Amino acid sequence: MASDALYINDRITIAGWELTEQFVLAGGPGGQNVNKVSTAVQLFFNIPNSPSLNERVKANAIKLAGRRMSKDGVLMIEASRFRSQDRNREDARERLKELVLEAAKPPPPPRKKTKPTKGSVERRLKEKSGRSEVKKMRGRPGGGE
């Protein structure tokens, strides 16, 4: 079931044909409405075969998806938070958008190595020699037997 395109940001837009929606009965409160109307939405998105995402974003999205990912790489987002089908549909699409945005974040900058200050090195060595003295004093008194 094709839907309209999902705009993620100015660089990423997921085409409607890449998304598949399925409507199922939702559990929980709602009375007769819950038993008769398929309000819960299952949104399927095949991450590895998507032309909309680059390889880095795909790899990050697969890591972030965790258990929501099937063995063949299809992400399933289930939304049954609301009582209406339309709101659940929007919720599922919003959650997919958040996941892709999180995956598209740039990697953190590499760590810069820093040198300890001269004072901190001297303090550490002084403390080490102090501990050494304490431990030497723990021996038996008299020493020369």
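Six bridges connect strand S3 with strand S4, the latter formed by residues 40-46, and the two strands run antiparallel. The model in which this pairing is found is a predicted one. In the pairing of these two strands, Phe23 has Val41 of S4 as its bridge partner, while Val24 has Ala40 of S4 as its bridge partner. On its other pairing, S4 is joined to S5, again in the antiparallel sense and over six bridges, and within this pairing Leu43 stands opposite Ile77 of S5.

Taken together, these strands make up an open sheet of three strands with the order S3-S4-S5 and antiparallel pairing. Strand S3 (19-24) and strand S5 (74-79) stand at the edges and have a single partner strand each, so that one side of each is left without a neighbour in the sheet. Neighbouring strands of the sheet are turned against each other by 20° on average, when direction is ignored. Strand S4 is mostly covered, with five of its seven residues buried.

Helix H3, which comprises residues 85-104, packs on this sheet and touches S3, S4 and S5, its direction making about 135° with that of S5. The helix has 20 residues and reaches 29 Å from its first C-alpha to its last, which is close to the 28 Å expected at 1.5 Å a residue. Its buried residues are Asn88, Asp91, Ala92, Arg93, Leu96, Leu99, Val100 and Ala103, and what covers them includes strand S1 (6-7), strand S2 (13-14), S3, S4, H2 and S5.

The largest nonpolar core has 22 residues, and those with the most contacts inside it are Ile14, Leu75, Leu96 and Val100. At least two residues of this core are supplied by each of S4, helix H2 (55-65), S5 and H3, and it is H3 that gives the most, with five residues.

Several residues can be followed individually. When residues up to four places away in sequence are not counted, Leu96 touches Leu6, Ile14, Leu19, Leu43, Phe45, Leu75 and Ile77; of these, Leu43 and Ile77 are the residues that stand opposite each other in the pairing of S4 with S5. Val100, which also lies in helix H3, has a relative accessible area of 1% and is therefore buried. Leaving aside neighbours within four places in sequence, Val100 is in contact with Ile8, Ile12, Ile14, Leu53 and Val57. The C-alpha atom of Val100 is separated by 42 Å from that of Thr117, although the two residues are 17 residues apart along the chain. Asp91, likewise found in helix H3, counts as buried because its relative accessibility is 9%, which is under the 20% that sets the limit for buried residues. The residues that Asp91 touches, not counting those up to four places away in sequence, are Ala79, Arg81 and Phe82.

As to the confidence of the prediction, the mean pLDDT of the protein is 85, and 94% of its residues reach 70 or more. Among the elements of the protein, the lowest mean pLDDT, 73, belongs to helix H1 (residues 32-36), whereas the highest, 95, belongs to helix H4 (residues 118-136).

Technical notes
Residues are numbered from 1 along each chain as its sequence is written. This is a predicted model: local features need pLDDT of at least 70, side-chain atom pairs count only at pLDDT 80 or more; totals for chains, interfaces and linings use all residues. Side-chain values use heavy atoms; hydrogens and water are left out. Two strands pair if DSSP finds at least two bridges between them. Helices (H or I, at least four residues) and strands (E, at least two) are DSSP runs, numbered from the N terminus. Axes are lines fitted to C-alpha atoms, for helices over the stretch in contact, and angles run from 0 to 180 degrees between N-to-C directions. Contact means heavy atoms within 4.5 Å. A nonpolar core is a set of buried Ala, Val, Leu, Ile, Met, Phe, Trp, Tyr and Cys residues joined through side-chain atoms within 4.5 Å. Buried means under 20% relative accessible area, exposed over 50%, partly exposed in between (1.4 Å probe, protein chains only). pLDDT is the predictor's confidence in each residue, from 0 to 100. The expected span of a helix is 1.5 Å times one less than its number of residues.
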